[in-house]
Every structure is written in C-alpha cells, then in structure tokens.
Amino acid sequence: MNFDEIIDRKNTNSMKWDNVKAVYQNDDLWPMWVADMDFRAPDPVLKALDDVTKHGVFGYHHPPHSLRQAIRDWASRRFGWEIKPEALTFTPGVVPAIHHLINAYTDEGDGIIIQTPVYHPFFALLQSNRRTLLENRLVEGEDGKYKIDVDDLETHMKNGAKMIILCNPHNPVGRVWSESELAKIAELCTRYDVTVISDEIHADLILQGNHTPLAKLEEAKNLQVATCMAPSKTFNLASLQLSYVIFNDEEMQKKLEQQMKQNFMGIGNPYASAAAEAAYRHGEPWLEALLDYVQGNVNYVNERLQKEMPSIGFAKPEATYLLWLDFRKLELTQDDLQDWLRKEGKIALNDGHMFGKAGSGFARMNVAAPREHIVEGLNRLKTAYDKKVNI
C-alpha cells in the first residue's frame, strides 16, 4: 500500500500515458485526464491473477457463484444493501451495460434524462442509439456544490420521458446524492413510470458521507431499477472489463439477458473473475488506505489553489478521485482555455465541454496518483497561471 511509489506506465499501451499525443496533438503534456489510477492493484488481486496464469488453461469461462457471493457480501458490508446473488448479470463494462439496457427498455426516439454536466459517454450512448436527449441541468450553489433541479426533472417526466440515467456518485461534480435527494427521484420515477439506470461505478470511492444505492430505498420498491457497478474504478481493474448489473425485478433482468444473448455477449474472463473476487474478499484495507491518500491529494490541491492560484476554484468532492476545476474567472473561451492548458500549462485535463454545455469553463483533473505526480501537474498549472494573471 505504498501509494507514493512511482510506477512507469509509459510504453505499456496505457491510454492515459501513451495516447496523449493522439488526443491532444502534443506528447509533452502531463497526464491527469483518463479516470484510472497510477497505483498498483492490491496484493491479493495480483496473487489471484498469478494463480490463473500458473494454471495455464484459458478456455471458455463463466463467472463462479463464489464471485456473486463476494459481491453480495461487499454490498451488505459497505452499503447495508442486501441483494440476492442471482440478481446479478455480468457485463464487460458499465458503458456497454448501459448501451444494452437502453436497447432493452426503450425504443428509438424515446426521451432519456441525463443530469449535466455528466460523464461524457452518456451523450454518445443516446446519440448512437437514436434516443432523445432530455437535459436536466444540475444547479450550481454559491459554494460550488451542485443540486438537482427537481422541478425541471419532473417537467421532463410529465412530458413523457421513458428513462433516466442517474450518476451516483456523480462524475464529474463529485456529489454523493443524499437519501432525500434519491428518494425524491425514486418518487417521481414511480409516479411517471420512468425506468432508472443507476450508474454507481464510483460507489466505493466515498470521501465524505455514505453511499446509498437508489434501489435500496423504500421509495424504489415498486420501481424498475438497474444498478450498474464494478470493481474497475475501486481497485484500478478497468482493462479487465468486468462489471455487473443488480436488479430488483426479475423480468427486467431477463430482458437485459435476452438483449445480450442476441448480441452474442456473456462469455467471462478468468482473470477478471479472479481479480474481482480477490478484491472484494481481501481488498478492503487497501481501499481504506487509498481513500485516505486520495483525500490527502484533494487537500493538497485545494491548499495550493487557494494560496497560489485563487482564480481557479473547485468544491471538494464528496466522492471519486476527480476534481471539477472552475476556470471561469480567467475569462477564457472554451477553445482558449483548452489552448492555454495545453500550450502554457503543458497539462492534459479532460475538457469541461465534454460533459455538456454546462461544463464550459471547467476541466476535470484526476488526482489518483502519487503525490509527486500531483505536485508536477500543479507546478505546470501555476507557471501558466502566473503568466496569465501578470499579463
């Protein structure tokens, strides 16, 4: 659990480190963009992967019941949520899962609500599946903390929305939606017969408060909810491509599984199963140490911005290792902000406009890296900032 260890990821086909030039047309940028971590996976996970390799046979595989039980135990222990192991359907990633959920429960042209600024693949999923985007823009408070515009949300539902894709905890604004906020969403969805896809991939990465799965609430008992989770963000296992959907309705689950069968999906990966089970059974101490380390990085960024770059702001995230930085006081257009970050800052952040029009003037920074990496990124940002404010 030495999170200060520098692990060289260059020339390993890392999207974060080796794909900077292809995305930003500049390979001299410090990568703080892709939402993975620059940390080694927990030792029990590495041992489990080594055991699979030593076995040496890599034929067709299905996830074992023991993995389902490990997930059940994890949900009970971390969230107080009692689920049935058979209520899980395994998928090769949350985004592919959402794609199939959209196709299983809606038709072309149907309206689907997303709460912007939000995880950018949501936009692509609606466009590629020819669904109608219904934007429920989050409301930014004076403290930078975002809230849900409930009146606008209800208006979309009154007007015939078929589905909402909820991001809980929210990426990129870092909110952990409260039980009362989730209960209101569940109440409205029940009243207007709106299906919920709840993307809870960041559920384990809680820095303040506690995560509540929407499907756990009493208000959601009569609601169709598909909860998408994965060990990928939690334990840095994204490339193993294992996620799962938890259902509170058996018929809803059958519909997704039929959709997947029609697309010839469903064969598992022995590495993914072994890694996930080891993580859920033995990775909790690693996770607790990780959360402390990430919180330290968040605090470090906050202190330096306040002292050295006060025109750049952000509200401390309640969850995730992603910071939603506010550059609007610099009075740059979105294009000029991108150029400034790359040409002057020499730093690769996710551009705010990727997350919708509400993200204009913002950028997302990943702080799941050794402190030395964060220091370098902020030093670069400060160099650009000093030039900008002294012009």
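Student: Which residue in β8 is the bridge partner of Cys167?
Tutor: Strand β7 is joined to strand β8 (residues 195-199) by five bridges, and the two run parallel; strands pair here if DSSP finds at least two bridges between them. Strands (E, at least two residues) and helices (H or I, at least four) are DSSP runs numbered from the N terminus. Within this pairing, the partner of Cys167 in β8 is Asp199.

Student: What pLDDT do local features need in this predicted model?
Tutor: Residues are numbered from 1 along each chain as its sequence is written, and side-chain values use heavy atoms, with hydrogens and water left out. The model is predicted, so to speak of its cut-offs, totals for chains, interfaces and linings use all residues, side-chain atom pairs count only at pLDDT 80 or more, and local features need pLDDT of at least 70.

Student: Which residue of β7 is the bridge partner of Ile112?
Tutor: Besides its pairing with β8, β7 pairs in the parallel sense with strand β3 (residues 111-114) over three bridges. The residue of β7 that bridges to Ile112 is Met163.

Student: Is Ala186 buried or exposed?
Tutor: Ala186 has its place in helix α8 (residues 179-192), and its C-alpha is 8.5 Å from that of Val196, a residue 10 places away in sequence. With a relative accessible area of 0%, Ala186 is buried.

Student: Which residue in β14 stands opposite Asn350?
Tutor: β13 and strand β14 (residues 362-366) run antiparallel and are joined by two bridges. The residue of β14 opposite Asn350 is Arg364.

Student: Within what arc do the buried residues of α3 fall?
Tutor: α3 has 13 residues and reaches 19 Å from its first C-alpha to its last, close to the 18 Å expected at 1.5 Å a residue, the expected span being 1.5 Å times one less than the number of residues. On one side of α3, Asp43, Lys47 and Lys54 are exposed, whereas Val45, Ala48, Leu49 and Val52 are buried. Seen down the axis, the buried residues line one face of the helix, because the arc, taken from the directions from the helix axis to the C-beta atoms, is one of 95 degrees.

Student: Which element gives the largest share of the lining of the largest pocket?
Tutor: A pocket is an open set of points on a 1 Å grid over the protein atoms alone, with protein on both sides within 12 Å along at least five of seven lines, a cavity is a set where a 1.4 Å probe fits but cannot get out, and lining residues have an atom within 4 Å of a point. The largest pocket is lined by 45 residues, of which Val34, Ala35, Asp36, Ala238 and Ser239 lie nearest its centre. The elements giving two or more residues to this lining are α2 (20-24), α3 (43-55), α5 (94-105), α9 (232-235) and β13. The largest share, three residues, comes from α5.

Student: What is the volume of the second largest pocket?
Tutor: Among the elements lining this pocket, β2 gives the most, with four residues. Grid points are joined across faces, edges and corners, and a volume is the space filled by probe spheres set on the points. For the second largest pocket the volume is about 420 Å³.

Student: How much space lies in the largest cavity?
Tutor: A search of the whole structure finds two cavities of 30 Å³ or more. The lining of the largest cavity is formed by Trp74, Phe79, Glu200, Ile201, Ala203, Asp204, Met229, Ala230, Tyr244 and Tyr280. The space in the largest cavity is about 50 Å³.

Technical notes: Buried < 20%, exposed > 50% of the residue type's maximum accessible area, 1.4 Å probe, protein only.
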